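Hi,

Here is the structure I promised to pass on. Have a look at it first, and then read my notes below.

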Amino acid sequence: MYKLSAFLFSIFASLAAATAQDNIFSQYYAMPLTVNPGFAGSAFAPRIGLAYRNEWPGFNNAYRTYAISYEQQMDRVKSGIGFILEGDDAGAGIYKSTHFGAIYAYRLQVSEGLFLKLGVEAGARQTSLDWDKLVFPDDIDPLGGITPGSNLETRPEQLTQTKLDISSGLLLYSEKLYLGAALQHLNTPNEGFLLVNDNVSRGLPLRYTFHGGTEITLSKGNKQKPASFLSPNFLFVSQGPYRQINLGAYAGIGSVFTGLWYRHTLRNSDSAILLMGFREGIFKVGLSYDITVSGLAGRSGGTYEITLGVLLDKDEVLKKKHKAAQLQDCFNMFR
């Protein structure tokens, strides 16, 4: 298994810039800044998010992704700010990427109860390749096994690089409906370490994201009990040759929430996503599992994801300011 996975990742690393794709959290609503910069400051109180994703653990923990974010409103200037830090580990450390972004979003009131947020993100994206972990065909002797470094492949001069990364997004929302669109990697930062067809390796492809949903109130909440609601929603992502659409619903029942989604790549069925979590005070914890339904079913090990949200909404001064300004807060699913 090690020989096979290492060889596959050597190919992946060589062509990374041509085929790179962002990792999308199944619980994207818990890390909204990874989806659309327009979400910055969409909750009336400061918000912190943390996420960990382990994708396909059946293949020696093929992909692991981490993220932490912070955001808050700035009412006086009708704006929101946010910061996001993401890390991605492919092939047990063979190929790593780290992204840091600073986000600003401005809020416009289109009409009574209808708002438009315009978000921009600027940051840095660093990629690194552990060349010594790669195993090429000529490293493998049928009798002697693996002899790392015995191949004739040329070691790249740079194995770590940092590039500027710019994104933007729009978010239109009201009390019952939200729609958003985002463009990530507007400057298509170059992440390649090797030449592709004797040319400079290609940049990270633009990522197009469209998302939306509604919220149906089942019962109104009070100081002792959160509201109960159902939120049907969708997420569509396109990047290079890759496409995916998530369709499903998120439900909150008191302090407990759950959800069910179906993810399709437009070429084949991918996964069914199951969610369960709870909210206690300012904390919110979610655990999801992606059941693989594609040809990898039974071998990939699915995908595990855990998120932690902290909404600092216990400040009564913040609540009064929010009510007095008649600001539209984001949907319960994103809090």
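S271 has T292 as its bridge partner in strand 16. That pairing belongs to a set of 10 bridges joining strand 15 to strand 16 (residues 283-292), and these two strands run antiparallel. Strands here are DSSP runs of E with at least two residues, helices are DSSP runs of H or I with at least four, and both are numbered from the N terminus; two strands pair if DSSP finds at least two bridges between them.

Before going on, a word on where this comes from: it is a predicted model, in which local features need pLDDT of at least 70 and side-chain atom pairs count only at pLDDT 80 or more, while totals for chains, interfaces and linings use all residues. Residues are numbered from 1 along each chain as its sequence is written, and side-chain values use heavy atoms, with hydrogens and water left out.

Back to the strands. G277 stands opposite G286 in strand 16. Strands 15 and 16 form a hairpin with 2 residues between them, and G281 in the turn has a positive phi of about 65°. On its other pairing, strand 15 (residues 269-280) meets strand 14 (residues 256-264) in the antiparallel sense over 9 bridges. There, F257 has G277 as its bridge partner in strand 15. Strands 14 and 15 also make a hairpin, with 4 residues between them and L266 in the turn at a positive phi of about 75°. Strand 16 pairs with strand 17 as well, antiparallel over 8 bridges, and D290 stands opposite T303 in strand 17.

Now the charged residues. A search of the whole structure gives 9 salt bridges, a salt bridge being a side-chain nitrogen of Lys or Arg within 4 Å of a carboxyl oxygen of Asp or Glu. One of them joins E305 and R53, with the closest N and O atoms 2.7 Å apart. E305 lies in strand 17 (residues 303-311) and R53 in strand 1, so this pair ties together parts that are 252 residues apart in sequence. R53 also meets E55 in a salt bridge (3.6 Å, N to O).

Salt bridges that share partners join R53, E55, R263, D270, D290 and E305 into one network. R263 lies in strand 14 and counts as buried at 6% relative accessibility. Its side chain makes a polar contact of 2.8 Å with the side chain of D270, and another of 2.9 Å joins the side chains of R263 and D290. A polar contact is a pair of N or O atoms within 3.5 Å; within protein, one must be able to donate a hydrogen and the other to accept it, and residues adjacent in sequence count only if both atoms are side-chain atoms. Leaving out residues up to four places away in sequence, R263 touches several residues (heavy atoms within 4.5 Å), among them S26, Q244, N246 and I273.

Another salt bridge sits between R125 and D22, at 3.7 Å between the closest N and O atoms. This pair links distant parts of the chain, 103 residues apart: R125 is in strand 5 (residues 114-129), and D22 is in the loop between helix 2 (16-19) and strand 1 (47-55). Both ends are buried, R125 with a relative accessible area of 13% and D22 at 9%.

Last, strand 17 also holds L308, which counts as partly exposed at 31% relative accessibility.

Cheers

Methods
Buried < 20%, exposed > 50% of the residue type's maximum accessible area, 1.4 Å probe, protein only.
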